[in-house]
Amino acid sequence: MSTATVGGGAKKILYALRTAQRMGIKNSAKALTAKNTCKACALGMGGQAGGMTNELGEFPAVCNKSIQAQSTDIQPPIPETVLTHALADFAELDGYELEHLGRLGTPLFKAAGEDRYRVVDWDFALARAASRLRETEPDRALFYSSGRSSNEAGFLFQLFARAFGTNNVNNCSYYCHQASGVGMGSTIGTGTATVELADLTRCDLIMVVGANPSSNHPRFIHKLKDCRARGGEVIVVNPAKEAGLVRFALPKSPRSMLKGGDWIASEYVQPRIGGDTALFKGLAKAVLEAGLEAKDFIGAHTEGFDAFRADVLAADWDAIERGCGLDQATIAALARKIAAAENAVFAWGMGVTHHTHGSETVEAIACLALLTGQIGRPGAGLLPLRGHSNVQGIGTIGVKPVLPADVFAAIEQGFGVKLPTAKGYDTLAGIEAAHRGEIDAAVIMGGNLLEATPGREFAREALGRIGFRLFLTTTINRGHVEGMEDGEVIVLPVTARDEEWEPTTQESMFNFVRLSDGGIERLDNVRPEVAILADLAARVLPSSPIDFPAFAQHRHIREAIARTIPGMAELADIDVAKREFHIQGRLLHTPRFNRPGGKASFVPIALPVPRGEGLMLTTVRSEGQFNSIVYERTDSYRDGADRMTVMMHEADIADAGFTAGETATLVSDHGRLPGVTLKAYDIARGSVLAYYPEANVLVGTAVDPRSRTPSFKATPVRLER
């Protein structure tokens, strides 16, 4: 990595300008200033304060991710003459080309055995979809939602699925932060952030673990920079040294731009891939050995400490060092900084959760926060860095296989229905069932399930064995054109968030619920997800005691959510009061934990089985993409790396018999990725970076057994010529 590379800066301003010119200045201004929640990450901005304002009232709170998301939503519809090309023609396009074909502006239908879509009208599409679902046994159906849908659409989606008779209801969080929910739930009794956005203005230390917010959560970089400006510490823990986490030129700050960027990380440590559990056990051991634990806090607000203490102190420093690749002195110095902080926030991304031991690593992070008393008060706590703009809300309102007992009872009583009790599939389990031929129909709302699933060929085969698939989407992606040979498929075009006919709501990673007005008209033949689901549910379940047609009006759904979901009472009249809110009952500023007796629980930290000495692949996103959506083919924060660039330590390239710049094939036990270009990078020895979703062909289906989150970031690989 060139030492001159800086995140942000003039190139981001110029990119935004070029994008705005392509979209049209009028369209761009309307999209960015409307009172709608940002469509990108869950850090959150927009809503009733305006599209470029966050919940603290800071303006302009806009980033490149927001501009990228808007750029494809504003595209004109794909011409019908293009839509009817053979699927093989679409399969030749890469993700960037598919995303930039335009918006889907009409329903599509492909009969079983046909090789292309044909354009159909709405009545045919909905009638056919309803007929196919009525023919399906509920336990052989799968319902999947991405995290960009609204709370209203998500609640109706899961209610329809359960009224239909299945708990096979899941969402993309099983592929990202489900391990966070498991690990936080077992220690502090909640699965969401314990801090709000304002707490990031009060802390004097932020630890960022296994995340690259300069690319994926750019607004978070502002909070890191502000922490440094207050004299605080920003400790980055990541195998790769990412330019935007070293130095970042803030486009909204002339001073930052003029001086060539602000320093972000005060300390940057690079453990080996999968070494975070060992690191956090080492940090706890160093705190205890130095006698720096928060004794009063531990005694008053926790349980299980004695067993935790004994387990940690018994750990061997050599095993810890081998596990994380960092030495005892480095770990001890970090521990002293954390213990000395007045207010510390621990933030992490999928570099923590995408492992077979992801839940245990999150527990280790939570236990360190408890050990140092850095939780349950203003300015300190835990922050899982969520991706999709409403992925947390989708989970809150029940798009998951198992509903909390109180929510389950409230739905049954409130709607006069009997819900299914059979165990539902999580996301990967649903794909595995499809691969076994046990799924006959799937309703997929948003996302790109094909490319988001580990094991590309496995995913293609699994989805291809589903006899009927119904997609709700704004654009065409590879999941709509591959694995289609045998099944019947309907694709329905939906409104983007700012095109909704009625207001919708979204939840940020800070447990803050925003109201989006919608109301922008771009395409004349697209419909909101809620309108589609209400119509479809009424056709499939005409005798249901649930008045599905009434739910076409969003306020009725919000009233139902307010009655059934704890902490969401204020949602009922949010469209009238225009009052956005933090969800009640979430842990924030008092050390009263959502566990028996109100006490948090320390848990022992088991070190993972030591990995071998070969190369370990972790999949990453580029600055020019969001989740599986590719907006730009090159990565400006990694010196223009393209989608087929593989980044490694220079010595590892040499040890493999190659030189930087050569072409190779990257191989795992699960697949091959030919034609990659090797790039020397500042990264821990033995580590390999390759871009998701292209590198998913190499990733297997091993999962964290507790969260069922796949191990996207720890795949043994080798290089071949």
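User: Which residue stands opposite leucine 205 in E12?

Analyst: In this predicted model, leucine 205 faces alanine 344 of E12.

User: What makes strand E6 and strand E12 a pair?

Analyst: Two strands pair if at least two bridges are found between them. E6 (residues 205-209) and E12 (residues 344-348) have five bridges, in the parallel sense, so they count as a pair.

User: Where do E6 and E12 stand in the order of the open sheet?

Analyst: The five strands run E10-E7-E6-E12-E13, with parallel pairing.

User: Why are E10 and E13 called edge strands?

Analyst: Because E10 and strand E13 (381-384) each pair on one side only. Neighbouring strands in this sheet are turned by 15 degrees against each other on average, direction ignored.

User: Which helix packs on the sheet, touching E12 and E13?

Analyst: That is helix H20 (residues 358-371), whose direction makes about 175 degrees with that of E12.

User: Where does arginine 272 lie?

Analyst: Arginine 272 sits in the loop that links strand E10 (267-269) to helix H14 (276-289).

User: Why is arginine 272 said to have no salt bridge?

Analyst: A salt bridge needs a side-chain nitrogen of Lys or Arg within 4 Å of a carboxyl oxygen of Asp or Glu. For the buried arginine 272, the nearest side chain of opposite charge is glutamate 613, at 4.1 Å.

User: What does the side chain of arginine 272 reach at 2.9 Å?

Analyst: It reaches the backbone oxygen of arginine 322. The cut-off for a polar contact is 3.5 Å, so this pair is within it. Residues that arginine 272 touches include Pro239, Arg322, Glu613 and Ala684.

Methods:
Residues are numbered from 1 along each chain as its sequence is written. This is a predicted model: local features need pLDDT of at least 70, side-chain atom pairs count only at pLDDT 80 or more; totals for chains, interfaces and linings use all residues. Side-chain values use heavy atoms; hydrogens and water are left out. Helices (H or I, at least four residues) and strands (E, at least two) are DSSP runs, numbered from the N terminus. Buried means under 20% relative accessible area, exposed over 50%, partly exposed in between (1.4 Å probe, protein chains only). Lys and Arg count as positive and Asp and Glu as negative; His and the chain ends are not counted. A polar contact is a pair of N or O atoms within 3.5 Å; within protein, one must be able to donate a hydrogen and the other to accept it, and residues adjacent in sequence count only if both atoms are side-chain atoms. Contact means heavy atoms within 4.5 Å. Axes are lines fitted to C-alpha atoms, for helices over the stretch in contact, and angles run from 0 to 180 degrees between N-to-C directions. Lists of a residue's contacts leave out its neighbours within four places in sequence.
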